[in-house]
Amino acid sequence: MNIYSWVQLIFYIVVLLALAKPLGSFMAKVYQGERTFLDRVLGPVERFTYRISGVKPEEDMNWKTYAIAVILFNIMGLIAVYALQRLQAVLPLNPQGLGAVSPDSSWNTAVSFASNTNWQGYGGEVTMSYLTQMLGLNVQNFVSAATGLAVMIALIRGIVRHTAKGIGNFWVDLTRSTLYILLPLSIVVALALVSQGVVQRLAHTKLWHCSSPQLTRMGTQ
């Protein structure tokens, strides 16, 4: 490791330790249903989400119902990501005209993103259309992480609640994880990336070669 790598590592650890207490306290309030500074903006969105999806937020699930909800939700996500890859050649937002991803690669990617391991065995934008990336992979980046947070909170509730039969509501935990934790954090990070010039368009992209045969870079048309 060079000095730049050490600086990055130290900076990451310092930021992680600095955020542990405030972020942990905020997350505790979110999962306990307490008011936060985001309620005024995101509260109506949360309630609207429950209304259109038919979720009863006051329902307290036992561990079997909670587990079934987790499994069914992840199976649906897995199937959706697999289908998007296999059908991307006939779906919109594919200006490069990319063909269907092979069955084995589609299954590998769908399983890895649904399980939040995000193993990438494909060639980025030369394999996946914009629609597949946005509607499939990016959505899973949120909901698979939110599922992991929900399961963690359910486990904690199961340990803490010695006599209660319920461990919470998976759909509520999933929604609150996405709205109040992952979405705000992603916006902050996205703004930081945009400020450094990391942007993406929906226009056609192509590979072009630099004068040096050893170097290639992405260009937009």
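Let's start with the fold. The protein chain has 6 helices and 2 strands. This is a predicted model. From the N terminus, the order of elements is α-α-α-α-α-α-β-β. So much for the layout.

Now the overall dimensions. Taken along the principal axes, the C-alpha atoms fill a box of roughly 70 × 45 × 35 Å. The chain has 221 residues, and 32% of them count as buried. Next, the contacts. Residues 24 or more positions apart account for 68% of them.

Surface and charge. The protein chain exposes about 14300 Å². Carbon and sulfur atoms supply 68% of that area. On the charge side, there are 16 positive and 9 negative side chains. The centres of the two sets lie 5 Å apart.

Let's go to a helix pair. Helix 4 covers residues 103–114, and helix 5 covers residues 130–160. How do they pack? The angle is about 30°, and the axes are 9 Å apart. Angles under 35 degrees count as roughly parallel, so helix 4 is roughly parallel to helix 5. Which residues meet there? From helix 4, we have T109, F113 and A114. From helix 5, we have L137, Q140, N141 and S144.

Stay with helix 5 for a moment. Q133 lies in this helix. Is Q133 buried or exposed? Its relative accessibility is 18%. The cut-off for buried is under 20%, so Q133 counts as buried. What does Q133 touch? Leaving out residues up to four places away in sequence, the list is E125, M128 and N138.

Now compare notes with helix 3, residues 63–87. N74 is found there. N74 has a relative accessibility of 18%, so it counts as buried. Again leaving out residues up to four places away in sequence, N74 touches A114 and T147.

Next, two backbone points in loops. First, some background. Most residues other than glycine have a negative phi. Now look at L93. Phi of L93 is near 55°, a positive value, and L93 is not a glycine. Where is L93? It is found in the loop between helix 3 and helix 4. At 35% relative accessibility, L93 counts as partly exposed.

Then N116. N116 is not a glycine either, and its phi is positive, about 65°. N116 lies in the loop between helix 4 and helix 5. Its relative accessible area is 37%, so N116 is partly exposed.

On to helix 2, residues 39–53. The residue to look at is G43. G43 is at 4% relative accessibility, so it counts as buried. What does G43 touch? Beyond residues up to four places away in sequence, it touches L38 and Y180. Now a distance. G43 and V189 are 146 residues apart in sequence. In space, they are 22 Å apart, C-alpha to C-alpha.

Helix 6 next, residues 170–195. I181 is found in this helix. Its relative accessible area is 4%, and under 20% is buried, so I181 is buried. Which residues does I181 touch? Residues up to four places away in sequence are not counted here. The list is F26, M27, V30, Y31 and R176. Pick out M27. I181 and M27 are 154 residues apart along the chain. Their C-alpha atoms are separated by 7.2 Å.

Last stop, past helix 6. Q196 sits in the loop between helix 6 and strand 1, which is 205–209. Buried or exposed? Q196 has 66% relative accessibility, so it counts as exposed. Q196 and G123 are 73 residues apart in sequence. C-alpha to C-alpha, they are 24 Å apart in space.

To recap. Predicted model, 6 helices and 2 strands. Helix 4 runs roughly parallel to helix 5. G43 is buried in helix 2, and I181 is buried in helix 6. Q196 is exposed in its loop. That's the tour.

Conventions. Residues numbered from 1 in each chain as written. Predicted model: local features only at pLDDT ≥ 70, side-chain atom pairs only at ≥ 80, totals over all residues. Heavy atoms only, no water. Helix = DSSP H or I, 4+ residues; strand = E, 2+ residues; numbered from the N terminus. Buried < 20%, exposed > 50% of the residue type's maximum accessible area, 1.4 Å probe, protein only. Contact = heavy atoms within 4.5 Å. Areas by Shrake-Rupley, 256 points an atom, 1.4 Å probe, with all protein chains shown as cover. Lys, Arg positive; Asp, Glu negative; His and termini not counted. Charge placed at Lys NZ, Arg CZ, Asp CG, Glu CD. Axes fitted to C-alpha atoms, helices over the stretch in contact; angles between N-to-C directions. Parallel < 35°, antiparallel > 145°, perpendicular 65-115°, else oblique.
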